[in-house]
Amino acid sequence: MALVRRTTIPIPAAAPEDPRDALATGSAPARREAAHRLASDPEAVEILAAQLSRESENSVREAILAALGRLGTPEAVEQLFGLLGSEDVWLRNAAIETLQVMDAAVLGALEDGLDHADSDRRIFAVNVLVSLRHPEAASLALRTLGRDTHVNVCAAALDVLAEIGTPEMIPEIDAAVSRFPDEPFLRFAAKAAKRRIA
């Protein structure tokens, strides 16, 4: 009697999980992987931002922020700028770092941030300028210095100008600081900034 050879029937591979589902319900490693996969999907900004708002694992939050940064769409930038007002210090600083390594896509949202009603948000927006790789960054800092009415925002703008300002900006720096005759520390900051860029 001949032996009957058993034939192994291959088990079909499971379809890869939808990263949107994994981001919402998966384990922390699965959520990180889902964020990485969604970094190439411009339609995923809202779901990434929604998960970020409830995510407790920092490694996953880092992956989501990195995804938003890689997407670089105006919608992604707006979501990142929205985090500048967060009471979560880690999240706020991580958003600033993400914006700082992005390109000129942030410029429009940055201008809006510099005009925000909340002075803290304006300070955070000014701080992004120092690392923004865009020729308008110094001009935006100077514009902020010249028209903002909050002394701390102007001090932040001076710090930025000390790093990326140019000598021809010195007369405008002097004019802007003269608006605050009762703030000696601002004059000191202006003097230090001018010395660095002269």
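Me: What do the side chains of Asp115 and Arg147 do?
Reply: They form a salt bridge, with N to O at 2.5 Å. A salt bridge here is a side-chain nitrogen of Lys or Arg within 4 Å of a carboxyl oxygen of Asp or Glu. This is a predicted model, in which local features need pLDDT of at least 70 and side-chain atom pairs count only at pLDDT 80 or more, while totals for chains, interfaces and linings use all residues. Residues are numbered from 1 along each chain as its sequence is written, and side-chain values use heavy atoms, with hydrogens and water left out.

Me: Where do Asp115 and Arg147 lie?
Reply: Asp115 is in the loop between α7 (107–114) and α8 (119–129), and Arg147 is in helix α9 (residues 137–147), so the pair ties together parts that are 32 residues apart in sequence. Helices (H or I, at least four residues) are DSSP runs, numbered from the N terminus; strands (E) need at least two.

Me: How many salt bridges does the structure hold?
Reply: It holds 8. One of them joins the side chains of Arg61 and Asp88, at 2.8 Å from N to O. Arg61 sits in helix α4 (residues 58–71) and Asp88 in the loop between α5 (74–82) and α6 (89–100), so this pair links parts 27 residues apart in sequence.

Me: Arg61, buried or exposed?
Reply: Buried, with a relative accessible area of 8%.

Me: Switching to helix α12. What does Arg196 pair with?
Reply: Arg196 makes a salt bridge with Glu163, 3.0 Å from N to O. Arg196 is in helix α12 and Glu163 in helix α10 (residues 151–164), so the pair ties together parts 33 residues apart in sequence.

Me: And which exposure class does Arg196 fall in?
Reply: Arg196 is exposed, at 55% relative accessibility. Glu163 is partly exposed, at 46%.

Me: Where is Lys191?
Reply: Lys191 is in helix α12 too, which covers residues 184–197. Lys191 is exposed, with a relative accessible area of 53%.

Me: How far is the C-alpha of Lys191 from that of Ala162?
Reply: The two C-alpha atoms are separated by 9.6 Å, and the residues are 29 apart along the chain.

Terms used
Buried < 20%, exposed > 50% of the residue type's maximum accessible area, 1.4 Å probe, protein only.
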